[in-house]
Every structure is written in C-alpha cells, then in structure tokens.
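Keep the viewer open as you read.

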Amino acid sequence: MPTYLARVRDSRGKSRMETFIADSLVDARTNLRDQGLVVQDLKESQSLASRFDLQKIQNSFVSVSVKDKAVFSRQFAALVNAGVAIVRSLGVLSEQCSNPKLKKALTEISGDIQNGVNLSDAMRKHPQCFDGLYVSMVQAGEVGGVLDEVLDRLAKLLEDVARLQNQIKSALSYPVVVGFLATAIFLGMTIFLIPVFAAIFTDLGTELPPLTQFLMYCSEILRSWRILILFGVVIGTFIAYKAYYKTANGRLNIDRLSLKMPLFGDLIQKSSVARFSRTFGALSRSGVPILTSLEIVRDTSGNQIVANAIDSARADVQQGGMISLALQKHKVFPPMAIQMISIGEETGEIDAMLMKVADFYEDEVEQAVKALTSILEPIMIVVLGGMVGTILLAMYLPMFKVFETLG
C-alpha cells in the first residue's frame, strides 16, 4: 500500500505533519477526518521506490482517447442526473475505468473536490485528460446549474468527433496497408530474387538489359552498408520536416499546402468546418462566452490557416464585428457555411445554425471518405501491380536473350 504525507490541523488549531499508509487517496482523507483532523494538504509520499514505479512509467505512455472521454461523460451525466453526488460518481467511475491515466486523474479530482475545489478547477489540473474545451463547458455547467445537460452535450460532441476521426482513419487505412505491402514485396524481391536470376544469366554469358542492371544496382545498395545512407536521408528529412513545422512560417505553409492537396484537401477543409461548427455550437449552447469559445475553437482547430481565420473573427467580434464577415475574409470556410452562420447571427440562433452546419459537413465528410476510398483502391492496385510487374519484367527480359542465343 502507498504511503501518504499529510499536513493536518487538530481540534486545538495546531498544524502538524502526519505520515501513514492507506489503500488510496480517498481512504487516507477519510481516515484523517474520522480522527477529527482537518486536512490541509495530502499527497503520496515520493519515496525512491515510488519515483521509479513501473506503473507510473507505463501510465506516461498511455493516452486518453476521445472515446474514453465520451464514455466517461455519458456515464457521469447519467449518475449526476440520477442525483448521485459528484464525489461518489467519480469514485464509481474511477473503479470501473480501464484507462490507467484517466483512472488516476479521476481519483485525484475526487480528492480535490472533497477539499472544496470546484469540479472544473480540479479537471484543469489534468490537461492530458481534460482539455480547455472540456473544462470550459464543465465550468459553464457549474455556473448555470445544468452540469448534467452540459455533460450530455459533451458526450454527444465527443462521440461525433470520434466518429469523424474514424471515418478519416478508414479512408487512410487502405492505402497505408497496401502501400506497406507493396513496399515489402518490392524490397523482398529486389534483395533476394533479383540477384539469384542475375547470377544465372551472368554465368550463361548473357548481357543484362538496362532495367535489370538498374534493379541489380538497387539490390547491391540495399544489401550493403550504403543502405544506412538512405536511412539517414529519410530520417534526416523527417526530422527537418518536424523542425520546420514547429516554426510559425513552416506550419503556415504546410497547412496551406495541405488544404490545396488533390483528393485530401477537400476532405481536410470539410472536416475542419465540421469540427469548428460542432465545437463552437456546443460551447455557445452551454453558455460559454463567445470570445472564450472562439479562443478554445482556435486552439483545437488543428490547422493554422483555419486558426488564423478564427483568430481574426475573434478580434472582429471583440471590436463589435460579425463572425461571418471575419471568416469570409480568409476564404477558408465554404460560402454556404458562411451564409448559414450569418443567418444564425441575424436571428440570434447561432448555436442551432452551427449544429446544422456541423451535421451537413459531417455528412459531406462521410461522402468524401467513400469517394476517396473508391478512387484510392484502383490506384493502389495499379501501383502494386506495376511494382511487381517491373521486377518480373526485369527477370524475364534476359531470358529472351538467352533463347535468342540458344536459337
């Protein structure tokens, strides 16, 4: 069992430090209160063994997915709506949580709430589990007294985001798998098969055609130390790309280029519009101020071009301008989305209109994914067939010369 270090105040008002063993942070706090002590600070003792705890090291490699947060939000909303206390709800959910990082965060949040901290402030201490969007909506629910409704909206929002991500991943999974198989087959045949046939033809005294000689040269590179140079170039290019993307101009140029890519550019634009509309609409409907909502949406946009357009809209709104006119300046959002947002501003129902925009463009993303998959399938088959056919042609061309020599 872990050891805990606590600063407590007794009935005479004197503070002192206590060190003791308990099953969990909640049990430790309960035991202290049963003794008539007021807990001022409580934390797990950082011994040498705990610093190198294998479980903590494993948790550092675990991430909290959108699906994990959606399931937690749905269950948390059901418990709060049923009248279960927040501390007890968090205790129940932490016991059945399968994600170790989220489980630890829920336990610590429960302890903070017992110390008088607000739910949103307690969640803000765990940015790897609950981002600014989540914390802001929870804070709005606490202020308005509609936490269960806000949690339901969060669950719906996260479920829609997860569904959108799965659709995009499904479009990319097929070309990635086929591309990997094609590369593996090409390398295997080039490294192991080409040299065997080339040696046979050389022994027969047949002059190798240029295509076979080229593949033989590639095979020699792949089987020698010079392959390390190729790996170095690939790794260096990747590191340079990551370093360039971290710069302001680099990210701006790459994100602008991604929006102009054939096939994928339209998909990226529509998914960005759907994410913006769904997130902004959920924040507005939950009572989060518009300026705060735009700041959160800007940070979660995932594309610097879209983020700049949202930031410009935020600056215009701060000066009394309209969101739709500011977004229209950058020509990032489609005209139909701009018009629907403008109508929402004029009628005072921008949250409802944003939800309709999100529904429309999520359907557009789904159709774009299907169209992209249908286009990529024959392309990848042709690429795979071309790679294998090139190697077979390189092996059969010398055979024709052998037959001519024998004839």
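## Salt bridges and helix pairs

R298 has a relative accessible area of 22%, so R298 is partly exposed (buried is under 20% relative accessible area, exposed over 50%, and partly exposed in between, with a 1.4 Å probe and protein chains only). Before going further, please note that this is a predicted model, in which local features need pLDDT of at least 70 and side-chain atom pairs count only at pLDDT 80 or more, while totals for chains, interfaces and linings use all residues. Residues are numbered from 1 along each chain as its sequence is written, and side-chain values use heavy atoms, with hydrogens and water left out.

R298 pairs with E295 in a salt bridge, their closest N and O atoms being 4.0 Å apart. The rule here asks for a side-chain nitrogen of Lys or Arg within 4 Å of a carboxyl oxygen of Asp or Glu. R298 and E295 sit three residues apart in helix α14 (residues 290-299), so about one helical turn separates them. Helices are DSSP runs of H or I with at least four residues, numbered from the N terminus. E295 is partly exposed too, at 32% relative accessibility. The pair belongs to a network of salt bridges that links E295, R298, D311 and R314.

By this rule, the count of salt bridges comes to 17. Three of them are set out below.

| Salt bridge | N to O distance | Relative accessibility |
|---|---|---|
| R298 and E295 | 4.0 Å | R298 22%, E295 32% |
| D121 and R124 | 2.8 Å | D121 31%, R124 41% |
| E362 and R278 | 3.0 Å | E362 4%, R278 7% |

D121 and R124 share helix α7 (residues 119-124), where they are three residues apart, about one turn of the helix. D121 counts as partly exposed at 31%, and R124 is partly exposed at 41%.

Is the pair of E362 and R278 buried or exposed? E362 counts as buried at 4% relative accessibility, and R278 counts as buried at 7%. The side chains of E362 and R278 meet at 3.0 Å, N to O.

Now for the helix pairs. Helix α5 (residues 86-96) packs with helix α6 (residues 100-114) at an angle of about 165 degrees, their axes 9 Å apart. Axes are lines fitted to C-alpha atoms over the stretch in contact, and angles run from 0 to 180 degrees between N-to-C directions. The two helices α5 and α6 are therefore roughly antiparallel, a term for angles over 145 degrees. Their contact (heavy atoms within 4.5 Å) involves I86, V87, L90, L93, S94 and E95 of α5, with K103, L106, T107, I109, S110, I113 and Q114 on the α6 side.

Helix α16 (residues 323-330) and helix α17 (residues 335-347) also pack at about 165 degrees, with axes 8 Å apart. That angle makes α16 roughly antiparallel to α17. The contact brings I323, S324, L327 and Q328 of α16 to I338, I341, S342 and E345 of α17.

One last stop is L259, in helix α12 (residues 248-259). L259 counts as partly exposed at 22% relative accessibility. Beyond its neighbours within four places in sequence, L259 is in contact with G265, I268, Q269, N303 and I305. The C-alpha atoms of L259 and Q269 are separated by 6.3 Å, although the two are 10 residues apart along the chain.

Note on methods: Parallel < 35°, antiparallel > 145°, perpendicular 65-115°, else oblique.
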